[in-house]
Amino acid sequence: MTKICIHCFVSGKVQGVFFRRETQKLAVRLALTGWVRNTEDGRVETVLCGEQESVNKLVRWLSEGPPTAAVSGVEKHSIPYQSFSVFDIT
């Protein structure tokens, strides 16, 4: 299976709605590594690494997020594969 990494920025009402925690929970269930954090401009930034199918599932989920979020857009870019030990909230 192919391992990939995707770097994403999620826009909309995505801070203060448990977006990072829910992203981490799903990433762990999907056996992904990487990180998620809030940015100063109000977006959520994340790097997702792991099996391509699992990364793609989480990227699709980012377009909706948790029920209290209102996602207006997801900007995503492929980046070189990186090996992280866990999926962190930073």
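1. Two strands pair if DSSP finds at least two bridges between them, and helices (H or I, at least four residues) and strands (E, at least two) are DSSP runs numbered from the N terminus. On that basis, strand β1 (residues 3–13) runs antiparallel to β4, with 9 bridges joining them. Within β4, Ile79 stands opposite Cys5.

2. A word on the source: this is a predicted model, where local features need pLDDT of at least 70, side-chain atom pairs count only at pLDDT 80 or more, and totals for chains, interfaces and linings use all residues. Residues are numbered from 1 along each chain as its sequence is written, and side-chain values use heavy atoms, with hydrogens and water left out.

3. The open sheet has 5 strands in the order β4-β1-β3-β2-β5, and the pairing is mixed.

4. Axes are lines fitted to C-alpha atoms, for helices over the stretch in contact, and angles run from 0 to 180 degrees between N-to-C directions. Helix α1 (residues 19–29) lies across β1, β2 (33–38), β3 (44–51), β4 and β5, at about 170° to β5. Helix α2 (residues 52–62) also packs on the sheet, touching β1, β3 and β4, and its direction makes about 155° with that of β3.

5. Leaving aside neighbours within four places in sequence, Leu58 is in contact with Thr23, Leu26, Ala27, Leu30, Leu32 and Leu48.

Technical notes
Contact means heavy atoms within 4.5 Å.
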